[in-house]
Amino acid sequence: MNRKQKKMLRRIIISAALLILANLLPLPLWARTVVYAAAYLVIGWDILRKAGLGIVNRQVFDENFLMAVATVGAIALAVYEGSGDYNEAVAVMLFYQIGELFQNIAVGKSRRSISALMDIRPDYANIEQDGALVQVDPDEVEVGTVIVVQPGERIPIDGVVTEGVSTVNTAALTGESLPRDVAAGDEVISGCINLSGLIKVQTTRAFGESTVSKILELVENSSSRKSQPENFISKFARIYTPAVCYSALALAVLPPVIRLLMGIPADFGTWLYRALTFLVISCPCALVISIPLSFFAGIGGASKEGILIKGSNYLETLSQVKTVVFDKTGTITRGVFEVSGIHHAAVDEDRVIEYAAHAECASSHPISQSLRRHYGKEPDRSRVSDIEEISGRGVMATVDGVRVAAGNDKLMEQLGVEYTPCHSVGTVIHVALDGTYAGHILISDVEKDDVREALTALRKAGVEKTVMLTGDSDSAARQIAERVGIDEYHSQLLPGDKVAMVEAMLNAMRGGKLAFVGDGINDAPVLSRADIGIAMGVLGSDAAIEAADVVLMDDKPMKIAKAIAISRKCLRIVYENIVFALAVKFSCLVLGALGLAGMWAAIFADVGVMVLAVLNAMRALNTKNL
Amino acid sequence: MKKTYKIDVDCANCANLMEQAAKKTAGVKDAVVSFMSLKMTVEFEEGAEPAAVMKDVLKACRKVEPDCEIFM
């Protein structure tokens with residue numbers, strides 16, 4: 001509790017004690033009146049003051065004014081009726097303030113717990129100066145400076161490790177709990193925590209351009225983009241309060257007048273009391289507080305999972321997504337080439353790979369790298385001689401005295417070797433040993449492990465159609481689409497065609513929203529054209545962070561379904577709160593008008609709804625079981 | 001030009017009222033108040049002097065919510 005809240009708590013306690021005294025002590029009427037007045041003023045003086053200021057500033061419909069009118073009215077009624085019972089006025093003010101205090105504490109708490117999730121701002125960077133470590137403001141570190149990161153510290157600026165070996169925890173950025181090993185030459189991103197060893201990092205960006213600053217900026221600005229429910233509530237609040245006030249006025253005046261006209265006693269007191277009850281329920285607080293709080297919590301919960309959502313409006317759009325369009329490379333497939341099969345091998349498959357990897361040992365081409373990766377060992381160059389590269393065809397070399405030829409169809413034709421063509425998709429490397437065909441190796445971009453599960457999860461989250469866009473040939477696209485279970489695919493697309501394709505789908509859609517998922521490379525136009533652009537695996541890619549509306553920090557396709565599930569849950573909470581708060585308020589208005597609910601019930605309903613709505617809103621923070 | 005200011009205000013509805021008041025101030029093109037992050041983002045009109053405009057914004061906000069604060 002902060003100072004302001006503690007002060008309010010003291011006022012509440014004093015006022016409540018006075019109220020109890022007034023009821024329990026056998027005081028003469030005048031003394032009891034004084035105690036009541038003290039209790040009322042202790043708890044309500046600031047409201048009366050603000051109400052007065054409101055009148056001066058012509059802000060009559062603010063809640064302070066209404067609370068003041070309601071309680072002063074109740075006191076006036078008690079005086080008029082000569083009951084000497086001012087409990088109601090004091091209690092209403094008391095509960096109102098308790099409610100406000102609770103709201104204050106709850107909001108402060110959620111604000112803190114959500115900002116704690118995003119507490120990745122590094123406070124300092126260590127620089128070595130004359131053999132001693134000096135802590136400096138990360139903002140002042142120039143690009144290219146070598147900074148020292150000790151175990152347990154947060155890496156303040158993006159850079160490349162120059163010295164040291166360690167493991168880093170990227171959980172704050174990606175939600176991935178498994179630590180990553182780094183050594184000299186590896187890139188590290190700011191915001192990660194250095195776990196085990198001391199490392200020296202040469203910075204590659206300024207602090208303001210670093211990942212951590214970009215992310216903080218994105219998250220901090222997210223609440224300025226408001227969603228429809230938020231706009232609805234602020235509009236509604238503007239109408240609701242005056243409407244309730246005018247109804248209160250009508251309730252105080254019309255029924256007595258009608259009764260007079262009908263010849264029955266007017267009963268002004270009763271109707272005035274009912275009108276005052278109206279004023280107590282006139283504050284739209286529960287709604288006004290719980291809706292933005294739900295969105296704030298939803299965005300906070302998502303960022304805990306490594307899903308950054310740029311605004312409540314995007315959270316809302318995300319919840320309505322019915323079609324998800326994937327750009328194949330980097331989302332469904334890894335975007336890296338790997339050996340996916342060895343076919344028609346005349347000798348042992350491992351031997352084929354071993355010969356090929358050795359033949360290609362001098363090349364740095366991605367294909368030869370994937371061969372070496374699959375071989376699993378560093379090729380022994382002493383076993384290789386007479387390497388001859390044939391540009392555009394392949395390579396020939398002598399390995400262990402065997403003349404190895406590894407290359408494409410053309411190489412085999414050039415050598416006059418009879419080969420078996422491959423029907424699968426990808427890059428084919430035929431291998432011939434001493435002029436005899438020994439089979440071929442298929443290298444292709446492989447799917448991510450959990451694509452199938454991710455697509456199932458998407459369907460479970462309410463997505464009706466999944467589409468894959470790719471520049472690959474039709475047969476390649478069909479194979480992948482069938483294997484992972486995607487509904488629809490479009491192949492042989494140029495980057496420009498993807499925009500046109502997405503536009504066509506947008507036009508053809510009836511209801512629901514379209515999300516486009518890309519890896520942030522070359523797809524910025526499509527990301528911004530779709531209803532919602534999701535960029536994945538983009539740590540360090542600025543263009544994608546700028547263009548996308550939702551940024552997935554790691555490259556797991558499962559996170560898309562999770563993001564949608566989080567948004568659905570958040571929006572459900574928002575609508576629950578809207579319906580619940582409105583229903584309770586309106587039923588209180590009706591019961592109050594009929595005289596079935598008094599001011600006590602009204603204030604309980606008002607504070608109670610708010611408390612429940614705030615608690616419900618905080619559920620959006622919990623993303624565990626989605 | 002857009003600038004973001006830290007604010008202090010106690011109730012959510014008051015934050016809405018502050019937003020309305022700021023929007024209506026001369027020199028302000030658009031204003032967004034986020035009660036959750038306690039921030040006011042103001043987009044100024046072409047050629048407006050932020051410091052002078054913000055003084056008026058604060059005055060307008062004080063009118064709707066006497067207890068509010070904008071840190072400039």
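Is the crossing of H8(A) and H19(A) left-handed or right-handed? The crossing of these two helices is right-handed; a crossing counts as left-handed if the near helix is turned anticlockwise from the far one by less than a right angle, and as right-handed if clockwise. Before going on, note that this is a predicted model, where local features need pLDDT of at least 70 and side-chain atom pairs count only at pLDDT 80 or more, while totals for chains, interfaces and linings use all residues. Residues are numbered from 1 along each chain as its sequence is written, and chains are lettered from A and ligands numbered from 1 in the order in which they are written.

Back to that helix pair. H8 covers residues 268-280 of chain A and H19 covers residues 558-594 of chain A (helices are DSSP runs of H or I with at least four residues, strands are runs of E with at least two, and both are numbered from the N terminus). Their axes come within 8 Å and cross at roughly 165 degrees (axes are lines fitted to C-alpha atoms, for helices over the stretch in contact, and angles run from 0 to 180 degrees between N-to-C directions). H8(A) and H19(A) are therefore roughly antiparallel, a label for angles over 145 degrees. Arg274(A), Thr277(A) and Phe278(A) on the H8(A) side meet Leu589(A), Gly592(A) and Ala593(A) of H19(A), where contact puts the C-beta atoms, placed from the backbone, within 7 Å.

Chain A also has some strands to look at. S11(A), residues 321-327, pairs with S18(A), residues 465-469, in the parallel sense over five bridges (pairing takes at least two DSSP bridges between two strands). Phe326(A) stands opposite Met468(A) there. S18(A) pairs with S19(A), residues 488-490, too, again in the parallel sense, over three bridges, and Val467(A) has Glu488(A) as its bridge partner in S19(A).

Now hop over to chain B. Here four strands make an open sheet in the order S2-S3-S1-S4, with antiparallel pairing. S2(B) and S4(B) are the edge strands, each pairing on one side only. From one strand to the next, the twist averages 30 degrees. S2(B) is joined to S3(B) by six bridges, and Ser34(B) has Lys39(B) as its bridge partner in S3(B). Helix H1(B), residues 12-24, lies across S2 and S3 of chain B, at about 170 degrees to S2(B).

Finally, see where the chains meet: 19 residues from chain A and 14 residues from chain B take part in the contact. On the chain A side, H9(A) gives the most, with six residues.

Key
Parallel < 35°, antiparallel > 145°, perpendicular 65-115°, else oblique. Contact = placed C-beta atoms within 7 Å.
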